[in-house]
Protein chains: 2
Amino acid sequence: VADDTSVPALGGRVLAGEVRAVARAITLVESEPRSGETLIGAIFRHTGRAHVIGVTGPPGAGKSTLVDRLIALARQAGRRVGVIAVDPSSPFTGGALLGDRVRMQAHAADTGVFIRSMATRGHLGGLARATGDAILVLDAAGYDPVIVETVGVGQDEVEIVRAADVSIVVLVPGTGDDVQAIKAGIMEIADIFVVNKADREGADRTAAEIESMLGLKAAGPDDWRPPVIRTAATTGAGVPALVAAIERWRARGASVRRERRVWRADAWLREVLGRRFIEHLEHDVLGAGELATVVERIASRAVDPYEAVRSLLERGVASPVRGG
Amino acid sequence: VADDTSVPALGGRVLAGEVRAVARAITLVESEPRSGETLIGAIFRHTGRAHVIGVTGPPGAGKSTLVDRLIALARQAGRRVGVIAVDPSSPFTGGALLGDRVRMQAHAADTGVFIRSMATRGHLGGLARATGDAILVLDAAGYDPVIVETVGVGQDEVEIVRAADVSIVVLVPGTGDDVQAIKAGIMEIADIFVVNKADREGADRTAAEIESMLGLKAAGPDDWRPPVIRTAATTGAGVPALVAAIERWRARGASVRRERRVWRADAWLREVLGRRFIEHLEHDVLGAGELATVVERIASRAVDPYEAVRSLLERGVASPVRGG
């Protein structure tokens, strides 16, 4: 798969919806960014059709069970569903959580469901980039919706869910600590809140806390106020109401969705472009080890770091750097 | 302060340890990155002396109380202490947590302690950059140690603590959920673990869980195995043992500290350089609104995004881009 001649062919097979090609394509964008680019170039114009649903929340909130319920309802409606589970992996365990592996096996027989686990570590070029490319692969292969599930503990994961067409934040009844913690970055990205395990004590209070926070917030785009849906994913209670909320969001028209996609394209472009410039510097301009020497000199306080940046920028580009 | 002629003078007053100059300098690096650069250039060679102590952990772990105890012990030892509290701020509350404000008032009378709260939102050029610059200001002004306290919920915050000379992760006895959650990015950065509120039920189990995870992990640099220290910050119990562990880490010599600083300089250089290249593109190369048009065309699937990157990179640099 690594040689470029076969990559466009792989793209064709992805567009035809071939399951094994989809799996190989995602492996490619995860592990070989350069070949992955060629692939994305081959399929990109055929993407943008799937509704991308982001699901996040703290560990133990029951996100996986909830996603299973969403899959089941979408299958009943005759849809092919793609799922990317962004798993926290640690240097201690080194891989996906056991629960996800079990879950993936449960759907293994259904060719209308494609589930892929992506670990949060070790992606060349970043997790957000790899996840974004994997969404494009599923989209191009005709999966719709594409569900992206993450554990909301890192900026990367928040960015991923924020980039979805609709962002769902899942909480559970608790001491209030959860809501407090989640204020620091996750609350603001929610288009829809779910209080899962709503049969537990404290569900009313958790929902009220969210509503109260929302009361302090300026209304979102198009005056959308994020609904707070109560579910019990283990029994399925409340899940149809969640699906209805997702459909209401989707029906609000193309403008919000378009705004979100522009935001996503902007963040992506800046990140990749910045990285490419540094690659250009390292490969085309500087001698071997020269960037590392500059870094050493900054670390040892031998140079002013901003002066070093100016000098490297000027060497990297031939046109004079104005402004500043 | 905004005009460049007065910025070097401000740098001189920072180096003289003048408290009001320190406060103004931090405001400058937070709010005016360009003038901030001039300031950092003026003080940079006089930095690198302070021991930078990073403290993170989930909300409610008692980090602030613990930091207060560390301040008190350092003051008893005759040291001037700088503290940066990176506060989760939300669009709902828009600012620092109340507790920190109260705490800062408690130290207001002690000129040997400088505490500054930095919100996580709205920093031009990024929180990690602003925090890094604020550490340099405190360092140049003679504060040692400089303590950086964050709530470990975002990638930014993890990066900040990871960049410290010593990283302390604070946990509390709990259901095991905490340890599970924290595996996803925070566990691996700890040089020292603290189980705070160690008088609570479950402290032994939490400590055992951490030890058990550490048992699975390869030994760190210099065969350092992160110690697990039990504290009760509200009474002060265990805090001297924590200080002893910090001193043991510091005494291990300059090599680990140096490695950490090179890592920090490398991440900093790549981030700032990438952003500067895009500024160069926008200001010197592209027409007004041209980058936004490219973004629009990517979002609407009118162009291959990687092709757009190649084209922008080639326009931004005159020397031919090889490789790829």
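**Exercise 1.** Which residue forms a salt bridge with Glu18(B), and how far apart are the closest N and O atoms?

*Solution.* Keep in mind that you're looking at a predicted model. Start with the general idea: side chains of opposite charge can pair when their charged atoms come close. Now find the partner: Glu18(B) pairs with Arg13(B), and their closest N and O atoms are 2.8 Å apart. The cut-off for a salt bridge is 4 Å, so this pair passes.

**Exercise 2.** Find the salt bridge between Arg264(B) and Asp165(B), then work out whether each partner is buried or partly exposed.

*Solution.* First, the distance: the closest N and O atoms of Arg264(B) and Asp165(B) are 3.9 Å apart. Last, check accessibility, where buried means under 20%. Asp165(B), at 1%, is buried, whereas Arg264(B), at 23%, counts as partly exposed.

**Exercise 3.** Which helices hold Glu290(A) and Arg315(A)?

*Solution.* Begin with the contact: these two side chains, Glu290(A) and Arg315(A), meet in a salt bridge at 2.9 Å, N to O. Glu290(A) belongs to helix α12 and Arg315(A) to helix α13, 25 residues apart. Glu290(A) is partly exposed at 26%, and Arg315(A) is partly exposed at 41%.

**Exercise 4.** How many salt bridges does the structure hold over all chains?

*Solution.* The count is 40. Some residues link up in a network of salt bridges, among them Arg34(A), Glu37(A) and Glu307(B).

Definitions and conventions
Residues numbered from 1 in each chain as written. Chains lettered and ligands numbered in written order. Predicted model: local features only at pLDDT ≥ 70, side-chain atom pairs only at ≥ 80, totals over all residues. Heavy atoms only, no water. Helix = DSSP H or I, 4+ residues; strand = E, 2+ residues; numbered from the N terminus. Buried < 20%, exposed > 50% of the residue type's maximum accessible area, 1.4 Å probe, protein only.
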